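My plan is to start with the whole chain and then zoom in.

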Amino acid sequence: MEQTLDAPTTSGLTARQAEKHTFENNKLHKRLCRQVGQAIGDFNMIEDGDKVMVCLSGGKDSYALLDILLTLRERAPISFDIIAVNLDQKQPNFPAHVLPAYLTKLGVPFHIENQDTYSIVKRVIPEGKTTCSLCSRLRRGILYRVADELGATKIALGHHRDDIMETFFLNMFFGSKLKSMPPKLQSDDGKHIVIRPLAYVAEADTERYAALKEFPIIPCDLCGSQENLQRKQIKNMLRDWEKKHPGRVDNIFSSLSTVVPSHLMDRSQFDFANLQAGGGPVADGDIAFDEEPCASTPAPLNVITLHRQGTEQD
Ligand code: SF4
């Protein structure tokens with residue numbers, strides 16, 4: 001019998017649905033490559049001869065990061081090495097075989113660092129208190145040491161656009177600072193450059209990509225730590241805004257790249273004390289939110305009449 005476009009195939013999808021599915025997946029892959037390539041270019045994240053240590057936690061974002069970097073390396077006009085690194089923190093039930101099996105199959109050089117930070121955190125932090133800040137500090141120190149040992153010139157992390165936005169609002173709401181998570185920064189020991197190539201990528205896209213590629217995800221709640229409620233609140237707030245006011249979150253994200261220090265209040269960023277009238281017009285002067293001049297909109301007749309009457313009386 002002749003196969004029609006609407007007859008189900010072995011995957012349970014009709015040929016038409018399967019075609020649409022493939023089209024959507026290709027679009028997603030292209031978008032991720034474009035956004036990651038753009039962020040790498042904009043911030044000069046990777047240079048010729050770099051050895052990029054990709055930190056792989058087993059979560060959807062770090063898998064997506066490694067996958068897209070491998071694709072871009074194939075196409076890049078420069079040459080750089082990639083080494084995947086996982087820190088096994090000895091959390092209960094961590095499936096230690098999953099990442100080595102995945103990376104071996106992929107043919108990517110990798111290193112698994114075994115360090116029982118879980119026991120340290122449990123010993124030092126009283127029961128019921130949040131363990132994330134000590135845990136992250138320990139992890140960071142270990143990853144910097146491993147980067148040294150491996151001769152890595154860049155450390156790539158899987159934080160994405162939503163992480164950057166959430167951190168921005170967390171710092172503002174709870175830390176009184178206009179500060180986020182930069183796409184590229186010098187490590188706090190001053191010895192490394194940390195990069196976030198997913199900086200322009202939406203979390204919803206890494207989620208879809210992980211499902212599409214069937215990455216062997218390792219759950220992130222093995223340590224038993226409480227969820228960060230403040231971050232959750234911010235996430236919900238952003239989701240809600242996006243639903244009610246489409247485009248608002250995009251605008252806020254773009255604003256992070258368009259800062260005007262002379263129109264904020266940080267005296268360390270702009271020399272307000274020595275500000276003098278210079279005589280000429282100033283770009284970004286105080287006109288941004290002025291009403292449009294009424295030339296384009298004719299004034300209502302009664303206003304013109306009143307004005308004329310006023311002129312006559314004068
Ligand atoms: S969630 Fe667990 S593993 Fe992750 S930073 Fe917090 S304590 Fe560490």
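Before counting contacts, I wrote down what one is: two residues are in contact if their C-beta atoms, placed from the backbone, lie within 7 Å. I also noted that this is a predicted model.

**Entry 1: the overview.** I looked up the helices and strands and found 10 helices and 6 strands in the protein. Of the 314 residues, 22% are buried. Then I checked the contacts with a separation of 6 or more: 72% of them join residues 24 or more positions apart.

**Entry 2: the core.** I went for the largest nonpolar core, and it has 37 residues. M53, V54, C55, I155 and A156 have the most contacts inside it. Several elements give two or more residues to this core, including α1 (15–42), β1 (51–55) and β4 (154–156). Which element gives the largest share? That's α2, with 6 residues.

**Entry 3: two helices.** Next I followed α2 (residues 60–75) over to α7 (residues 203–213), where the axes come within 9 Å and cross at roughly 75°. Angles of 65 to 115 degrees count as roughly perpendicular, so α2 is roughly perpendicular to α7. On the α2 side the contact is made by K60, D61, Y63, A64 and D67, and on the α7 side by T206, E207, Y209, A210 and K213. I sorted the residues of this contact into 4 nonpolar, 1 polar and 5 charged.

**Entry 4: the ligand.** What sits around the ligand? I found T131, C132, C135, S136, C223 and S225. This shell splits into 3 nonpolar and 3 polar residues, with no charged ones.

Technical notes. Residues numbered from 1 in each chain as written. Predicted model: local features only at pLDDT ≥ 70, side-chain atom pairs only at ≥ 80, totals over all residues. Helix = DSSP H or I, 4+ residues; strand = E, 2+ residues; numbered from the N terminus. Buried ≥ 20, exposed ≤ 12 C-beta atoms within 10 Å, placed from the backbone. Near = placed C-beta within 6 Å. Nonpolar A, V, L, I, M, F, W, Y, C, P; charged D, E, K, R; others polar. Axes fitted to C-alpha atoms, helices over the stretch in contact; angles between N-to-C directions. Parallel < 35°, antiparallel > 145°, perpendicular 65-115°, else oblique. Core = buried A, V, L, I, M, F, W, Y, C linked by C-beta atoms within 7 Å.
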